[in-house]
Amino acid sequence: MRFRLVLVCVAALAFVALAQQPTIPTKAGEAPKSGDVSADAKLMDMFASKIKVEWEALKNKDKKAYGELLADDYQGVEADGRGERNKIQAINEVSETNVFNYTLFGFKLIPAGPDAALVIYEVTMQFPPKSVVRYSRVYISELWIKRAGQWKEAHYQETHVK
């Protein structure tokens, strides 16, 4: 009897494991390789494009381009330990950014309805050659909300990764 119970449990676990469709990490601009590829791919491409614009704006110290991506009620928390920033604070800090180059990877999209999505990815930032710290890698979660037909970044959270 115990053997049958164990066999049924193993079979059930195997069935559940095989039914899962894992998301394979992707490079910037690539679609996640799971589920409904057509809808998710289009959405992921759009967010990857917006995130690339975001990082280009930081790299080029472009406050206008960066600010256009953020929702009016934006809140961001960076790995520097200085706490939460609102939209105005985040835009004002763009001129202090010293990102020399960056690499985006590992995009994952978690749709949260027709007007919201969580985008998770990693970035490796490269700083200018004479910087004390040359590289920093962070894990990022961004909450994007669709308002008045436009997707805006409402929340940004980064965690330093070694």
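Biologist: Which side chains meet in a salt bridge with 3.2 Å from N to O?

Modeller: The general idea is that side chains of opposite charge can pair when their charged atoms come close. In this structure, which is a predicted model, the side chains of Lys 87 and Asp 72 form such a salt bridge, at 3.2 Å from N to O. Lys 87 belongs to helix α4 (residues 87–93) and Asp 72 to strand β1 (residues 70–77), so the pair ties together parts that are 15 residues apart in sequence.

Biologist: Is Lys 87 buried or exposed?

Modeller: Lys 87 counts as buried, because its relative accessibility is 18% and the cut-off for buried is under 20%.

Biologist: Where do Arg 137 and Glu 122 lie, given that the pair ties together parts of the structure?

Modeller: Arg 137 forms a salt bridge with Glu 122, and the closest N and O atoms are 2.8 Å apart. Arg 137 is in strand β5 (residues 135–147) and Glu 122 is in strand β4 (residues 116–126), so this pair ties together parts that are 15 residues apart in sequence. Arg 137 is partly exposed, at a relative accessible area of 30%, whereas Glu 122 counts as buried at 16% relative accessibility.

Biologist: Which residues are linked in a network of salt bridges?

Modeller: The network links Glu 78, Asp 80, Arg 82, Arg 85 and Glu 93. One of its pairs can be read in detail: the side chains of Asp 80 and Arg 82 meet at 3.7 Å, N to O. Asp 80 is partly exposed, with a relative accessible area of 38%, while Arg 82 counts as exposed at 55% relative accessibility.

Biologist: How many salt bridges does the structure hold?

Modeller: The structure holds 10 salt bridges, among them Lys 87 with Asp 72 and Arg 137 with Glu 122.

Biologist: In what order do the elements of the protein run from the N terminus on?

Modeller: The protein has 4 helices and 6 strands. From the N terminus on, their order is α-α-α-β-β-α-β-β-β-β.

Biologist: What part of the contacts between residues at least 6 apart in sequence joins residues at least 24 apart?

Modeller: Of those contacts in the protein, 49% join residues at least 24 apart.

Biologist: What percentage of the protein do buried residues make up, and what does its accessible surface come to?

Modeller: Of the 162 residues in the protein, 35% are buried. The accessible surface comes to about 10000 Å², and 60% of that surface belongs to carbon and sulfur atoms.

Technical notes: Residues numbered from 1 in each chain as written. Predicted model: local features only at pLDDT ≥ 70, side-chain atom pairs only at ≥ 80, totals over all residues. Heavy atoms only, no water. Salt bridge = Lys/Arg side-chain N within 4 Å of Asp/Glu carboxyl O. Helix = DSSP H or I, 4+ residues; strand = E, 2+ residues; numbered from the N terminus. Buried < 20%, exposed > 50% of the residue type's maximum accessible area, 1.4 Å probe, protein only. Contact = heavy atoms within 4.5 Å. Areas by Shrake-Rupley, 256 points an atom, 1.4 Å probe, with all protein chains shown as cover.
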